[in-house]
Amino acid sequence: MPTRSVFMYSRHSFALALSAIMGIGTVLSPSLSWAHSATPPREATTTSASAQPPATAKATVSAKAKAKAKPKSKAKTKATAKAKAKGKTAAKQRPATAGETDTTKRKVQGALGPQAGDRHLAFKGTGSDLDTLWPVKTPAPLPGSILPAKRVLAYYGNPLSKRMGILGEFETSDMLAKLERDAAEWTRLDPAHPAQPALHLIAMVANPDPGPSGKYRTRMDSALIEKVYGWAKSKNALLFVDLQVGQSTLEQELPWIEKFLMRPDVHLGIDPEFSMKASGAVPGRRIGTYDAADVNYAIRFLANVVDKYKLPPKILVVHRFTPKGVTNVRNIKLDPKVQVVMHMDGFGAPFLKRDTYYRDIKSEPVQFTGWKQFTKAKNDNPPTTREAILRLWPTPLYIQVQ
């Protein structure tokens, strides 16, 4: 597999494993491991200063030619001055030798890929023109808004499966205690954005078979959602209900979850990976997609819930790890009653995740940004440090741990 051109592996399809637990169909392979190659955006194309050939002066005139030379014409005088100027430029461009001090100010040259290191274009101040696009200019947050004053730290998964994420991997009390410790550490590192704990529940799971609905998806029982909501309440945490619609649509599924969204501390996540409306494919066999029109529908639905029940603004998390994960991003229409997080939902080595963050999140501004952390070495090896995440620009205000 190429390494320099690969931006990001797909997420493991953890959700599909739940079908085995619930007895709803045949289980597909637990992972897809697609690799996506892509040409870096224009901003990623950088030219090293050393690649520019230094200017050199013309060859000097011989002593014999000087003796016979007549007064110089204006054209020759200009040419000579130009040559001298080039010579000075060359002197400035040459590296300083021993005993000399190089005082030339050079612009930082950013990069992508495994060799980028601290010069990665996803970081702030490494030469990307995209830096100026952030933060997105929007009206002041409405009263009760969570972002940007806080950073949401969300533990993701489903309690029916240990493979779908940290939410179901550990015994409940251990998981909640870990969430508290993790939130405290994020707050310590960035006290300007205190961490707001959250549980991010996959409330609708995509299936590899049609199931009774024929929609390749299963709605979780209300009792399960209530249980996880109770866990969140016990720690003053938020609850996110996440929808993997399969061959259904947001129009068909959002009304079902309104009875939970009407609560002020419950928010929404939508997952394009398992939205197969456009292709008609089986979830997990292809990566799905949402268009801006789908995101706009979710925004309008949430805004209506806010109005209907007199609630503070809702957060909408949109997962993304491929260029086609969300199409026509520029057509997304924001509403002050809904805070939209475009969430980098991929796994891999730190540079791969930064590459994807740069390509799919930073280069297509919407409003706020998110970052996925996997707890398994097979996914994130090594994991990206909290300190490195805080160097990203824009700095993610939603951190999801799976």
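Ser275 lies in the loop between strands S7 and S8. Helices (H or I, at least four residues) and strands (E, at least two) are DSSP runs, numbered from the N terminus. The model is predicted, so local features need pLDDT of at least 70 and side-chain atom pairs count only at pLDDT 80 or more, while totals for chains, interfaces and linings use all residues. Residues are numbered from 1 along each chain as its sequence is written, and side-chain values use heavy atoms, with hydrogens and water left out.

Ser275 is buried, with a relative accessible area of 2%. Buried means under 20% relative accessible area, exposed over 50%, and partly exposed in between (1.4 Å probe, protein chains only). Leaving aside residues up to four places away in sequence, Ser275 touches Val245, Gly246, Gly288, Thr289 and Tyr290; contact means heavy atoms within 4.5 Å.

Asn158 is in the loop between S3 and helix H4 (166-169). At 0% relative accessibility, Asn158 counts as buried. Its side chain reaches the backbone nitrogen of Leu160 at 2.8 Å. A polar contact is a pair of N or O atoms within 3.5 Å; within protein, one must be able to donate a hydrogen and the other to accept it, and residues adjacent in sequence count only if both atoms are side-chain atoms.

Tyr216 sits in the loop between strand S4 (195-206) and strand S5 (217-219), and is buried at a relative accessible area of 15%.

**Helix H8 and its end**

Helix H8 covers residues 292-309. At 1.5 Å a residue, its 18 residues should span 26 Å, and the end C-alpha atoms are 26 Å apart, which agrees. The expected span is 1.5 Å times one less than the number of residues. Asp291 caps the N-terminal end of H8, with a side-chain oxygen 3.0 Å from the backbone nitrogen of Ala293.

Among the buried residues of H8 are Ala292, Val295, Ile299, Leu302 and Val306. The buried residues of H8 pack against helix H7 (250-261) and several strands, including S7 (266-270), S9 (314-320) and S11 (338-344).

After H8 comes Lys310, in the loop between H8 and S9. At 72% relative accessibility, Lys310 counts as exposed.

**Backbone angles**

Most residues other than glycine have a negative phi, and most peptide bonds are trans. The table lists the exceptions discussed here.

| Site | Feature | Angle |
|---|---|---|
| Tyr216 | positive phi | near 60 degrees |
| Lys310 | positive phi | about 55 degrees |
| Trp134 and Pro135 | cis peptide bond | omega about -5 degrees |
| Trp393 and Pro394 | cis peptide bond | omega about 0 degrees |

Pro135 lies in the loop between helix H3 (74-93) and strand S3 (151-157). Pro394 is in the loop between helix H10 (386-391) and strand S13 (398-401).

S11 and strand S12 (368-373) are the elements that give two or more residues to the lining.
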